[in-house]
Amino acid sequence: MADVFDEYALGAAWDEMFSAPGAPRPAYRAVRAALDRFDPGELRLRADQVARAFTDRGVTFAFDGEERPFPLDLVPRVIAAGEWDLIDRGVRQRVLALEAFLADVYGPANCFHDRIVPRSVVLTGSGFHRAAHGIEPTNGVRVHVAGIDLVRDVDGRFRVLEDNVRVPSGVSYVLENRRIMTRTFPGLFAEQRVRPVDDYPVRLLKALRAASPRAVADPTVVVLTPGVANSAYFEHALLARLMGVQLVEGRDLFCVGNRVMMRTTAGEEPVHVIYRRIDDDFIDPLHFRPESVIGVPGILNAARAGTVAIANAVGCGAADDKLIYTYIPELIRYYLGEEPVLENVETHRLEDAERLEFVLDHLADLVLKPVDGAGGKGIVIGPAADERTLDNLRVQVSKNPRGWIAQRPVALSTSPTFTADRFAPRHIDLRPFAVNDGERVWVLPGGLTRVALREGALIVNSSQGGGSKDTWVLAGESAHAEAVNPAQSAGSDAADGQLDPADAVAGRLAGPGADGLQQQQQQQQQAQKDC
Amino acid sequence: MLSRIAESLFWLGRYVERADDTARILDAFMHRLLDDPATDEHAACRTLYAILGVEPAAAQGARYDAVGVMDLLGFDTANPSAVAGAWCAARDNARGVSEVISTEAWECLNATWHALPGQRKAAGRIGPYAYLRFVRERAALFCGLADSTMSRDDGWLFLTIGRSLERVDMTARLLSAKVVASRNAPDWSTLLRAAGADEPHRRTLGWGRDPQSAARFLLLDQTFPRSVIHALSVAEQCLATLAGGPHSARRDVGRMRTMLEYAEERTFGTQLTTYLKELQEGCVTATRHIADEYFQYSAPLAWQHRED
């Protein structure tokens with residue numbers, strides 16, 4: 001039988017599965033061995049099954065007015081315990097620094113006085129809202145949910161590509177991917193100890209409840225969605241369902257006397273915590289875009305009055321501006337007194353005239369990003385761009401240097417990805433999700449691995465032909481060993497001879513359940529005898 | 001429960017029931033057309049359009065036929081009175097409330113919606129029966145899933161009220177076609193089959209009953225779940241369970257039920273037309289009252305000031 005990995009050609013980038021042709025990394029050995037047992041036809045069948053399952057559940061995004069399933073690749077992305085420990089610490093540190101920065105910007109503004117960040121850089125950012133100044137969150141949390149985008153460089157090192165602290169999305173795919181993968185490849189999981197992801201809704205709900213105004217004993221939490229037309233609507237509905245809270249639209253809410261109420265069949269009911277999935281610009285027509293019909297007029301004043309918590313807080317965009325990104329390592333040192341665990345990608349600010357000139361001269365070797373763009377919009381990858389695009393870019397950048405940053409191109413790592421009949425390397429990134437409940441920042445073990453399905457493509461966004469992979473964080477030998485010596489547990493996480501959790505589950509299932517069934521059958525027989 | 005969600009659930013219940021009922025009616029009529037060569041196809045189709053309240057946009061003097069009926073009342077996705085259109089409308093409503101109905105029930109609606117184009121193509125090859133059967137089965141699956149996986153909370157109540165009122169309305173329309181415009185009307189057995197009632201009717205009353213027994217059965221049988229009085233009783237109980245509201249919808253439904261429950265045996269035949277008219281109007285009034293009482297959310301965005 002032809003091996004589906006036979007023609008797998010390693011490129012220049014770091015490959016997640018193979019360290020050399022035919023030599024899988026330790027964390028991937030079990031996955032590789034399991035996938036080897038399938039022939040291409042079988043794999044295609046599973047790929048169809050996966051797509052079908054997504055379509056039926058409505059896990060789709062709108063593309064050209066058509067509902068398409070978000071493609072899930074068959075090969076999981078595996079992260080060893082030691083590596084995950086690094087990511088976990090790095091993401092937590094980053095989120096804490098971002099929180100401190102936001103509290104500072106919308107409060108005492110020390111970082112301006114201490115000349116860490118120029119005031120003008122923050123105030124000219126499109127995500128900064130003067131209207132949010134002086135709103136004090138109950139438990140000090142503004143970034144309840146964060147998504148920190150990471151990429152792996154040629155040398156295998158994780159770097160932060162960007163921060164998302166406004167309305168980070170994609171966590172539903174993490175949950176759904178796992179659900180579908182365990183059903184499609186049950187065998188794959190039996191040989192691994194993969195850390196579960198289904199804690200997320202509980203953690204999120206806990207963090208949201210913790211944010212509620214103090215006087216409320218049993219707060220009402222809602223998820224605020226722009227509506228079914230939104231491309232992430234599935235995610236909003238899923239999170240509301242999993243948390244067991246109402247999914248509301250702007251028209252379900254209204255403000256009276258600085259309180260937010262919702263219209264129910266039993267009259268008006270107060271709302272205390274709003275997990276909003278609407279951008280700042282649309283959330284309150286009184287303060288932001290007056291033509292917004294998906295927002296709630298007066299909601300920002302209610303937040304200021306302290307009767308309602310908005311998660312994430314209004315104005316968080318001040319921290320995930322791509323120009324602020326360049327200051328984050330300094331901000332980590334400033335606020336936390338620590339060295340950054342995860343480094344940035346080398347980035348040029350363009351306000352300095354010399355630097356601007358350098359960048360304009362080297363456009364063809366750099367990646368240029370608009371500072372407030374989302375979803376990969378407007379990014380120009382120099383080495384891949386044609387002459388006309390670069391000329392255009394040169395004009396735009398010199399006109400508005402504040403609007404752009406320049407980065408060294410990172411050769412995103414590759415991972416085997418199922419194409420029509422075999423596995424081929426495709427570029428991937430990683431978005432871990434962090435939830436902050438005010439006491440602790442918790443990072444969902446795994447996160448969303450996005451994959452650029454077109455050969456050679458570097459942009460992984462779903463709107464640009466991206467898919468995703470189930471992301472596995474392998475459990476260390478024990479939480480204790482992991483904490484004491486991460487390097488060691490990373491090296492040995494493929495060790496054999498551990499208790500197979502699948503067996504344990506099977507044992508539990510066979511136990512009392514089987515007895516109950518027997519009893520029922522006995523009763524049934526008796527009933528038949530009676531009549 | 002949010003008013004918007006209550007409204008969506010109410011209409012979700014109605015549209016699934018409508019898809020189901022319309023599929024049954026079409027199935028019975030199609031069968032009749034083939035079964036009885038004496039049937040005037042044009043007239044039968046016109047009756048069908050009248051029952052379902054659809055005005056075909058055909059040229060004057062054009063003759064209606066079964067193919068056109070299926071296109072308009074079966075496959076048209078834009079018309080909520082057609083089988084496919086009702087299902088699309090149901091799915092649209094469910095999409096906005098997918099976190100309230102159970103995942104399984106939502107998946108059933110969604111998967112069916114995705115399968116409809118394929119089923120339609122197949123219908124072009126093997127005739128409309130498989131298509132209609134598919135929709136009936138999926139509607140039954142949805143009801144079964146809702147029944148076994150949804151809590152009996154307000155959401156469930158609104159879903160059930162919608163379903164029950166739609167059933168009353170559809171049965172009343174079906175009977176009107178026979179009673180009011182009886183010249184080209186379908187025979188009673190087709191009618192019973194279209195309401196899914198032929199077998200229970202026969203079992204309860206036996207063969208050779210007078211024609212009115214069918215109407216009596218469809219309106220008055222307390223034990224048959226698709227009869228009008230049964231649907232009214234269910235709706236009435238649900239409305240009584242709902243908290244709040246001045247209960248004017250409950251009064252509408254209760255009035256219809258008592259009208260039937262205390263109908264006089266002697267005058268039933270002569271009063272039939274009145275009953276059917278009352279039922280159709282009653283459903284409209286009840287729906288309006290339910291909307292007034294429970295679905296008040298679409299007030300325009302405006303400043304509100306209140307002293308408290």
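N258(A) counts as partly exposed, because 15 C-beta neighbours lie inside 10 Å; a residue is buried if 20 or more other C-beta atoms lie within 10 Å of its own, exposed if 12 or fewer, and partly exposed in between, with C-beta atoms placed from the backbone. The model is a predicted one, in which local features need pLDDT of at least 70 and side-chain atom pairs count only at pLDDT 80 or more, while totals for chains, interfaces and linings use all residues. Residues are numbered from 1 along each chain as its sequence is written, and chains are lettered from A and ligands numbered from 1 in the order in which they are written.

N258(A) sits in the loop between β10 (253-256) and β11 (259-264) of chain A; helices (H or I, at least four residues) and strands (E, at least two) are DSSP runs, numbered from the N terminus. Although N258(A) is not a glycine, its phi is positive, at about 60°. R115(A), likewise a residue other than glycine, has a positive phi near 60°. Its place is the loop between α4 (110-113) and α5 (119-123) of chain A, and R115(A) is exposed, because 8 other C-beta atoms lie within 10 Å. Most residues other than glycine have a negative phi, and most peptide bonds are trans. A cis peptide bond, with omega about -15°, joins A311(A) and N312(A). N312(A) belongs to the loop between β14 (309-311) and α12 (317-320) of chain A.

Chain A as a whole contains 20 helices and 26 strands. Of its 531 residues, 46% count as buried. Among the contacts in chain A with a separation of 6 or more, 71% are between residues 24 or more positions apart; two residues are in contact if their C-beta atoms, placed from the backbone, lie within 7 Å. F5(A) lies in the segment before β1 (18-20) of chain A and is partly exposed, with 17 C-beta neighbours inside 10 Å. Apart from neighbours within four places in sequence, F5(A) is in contact with P416(A) and F423(A).

Chain B has 13 helices and zero strands. Its radius of gyration, taken over C-alpha atoms, is 20 Å, close to the 19 Å that the globule rule gives for 308 residues, so chain B is as compact as a globular protein of that length. The globule rule is 2.2 Å times the number of residues to the power 0.38. Along its principal axes, the C-alpha trace of chain B spans about 75 × 50 × 40 Å. Buried residues account for 48% of the 308 residues in chain B.

The contact between the chains takes 24 residues from chain A and 25 residues from chain B. On the side of chain B that touches chain A, the elements giving two or more residues are α1 (3-35), α4 (83-96) and α5 (103-126). The largest share of that side, five residues, comes from α5(B).

Helix α2 (residues 40-57) of chain A meets α5(B) with axes that come within 7 Å and cross at roughly 115°; axes are lines fitted to C-alpha atoms, for helices over the stretch in contact, and angles run from 0 to 180 degrees between N-to-C directions. α2(A) is therefore roughly perpendicular to α5(B), since angles under 35 degrees count as roughly parallel, over 145 as roughly antiparallel, 65 to 115 as roughly perpendicular and the rest as oblique. T55(A), D56(A) and R57(A) of α2(A) make this contact with E107(B), N110(B), A111(B) and H114(B) of α5(B).
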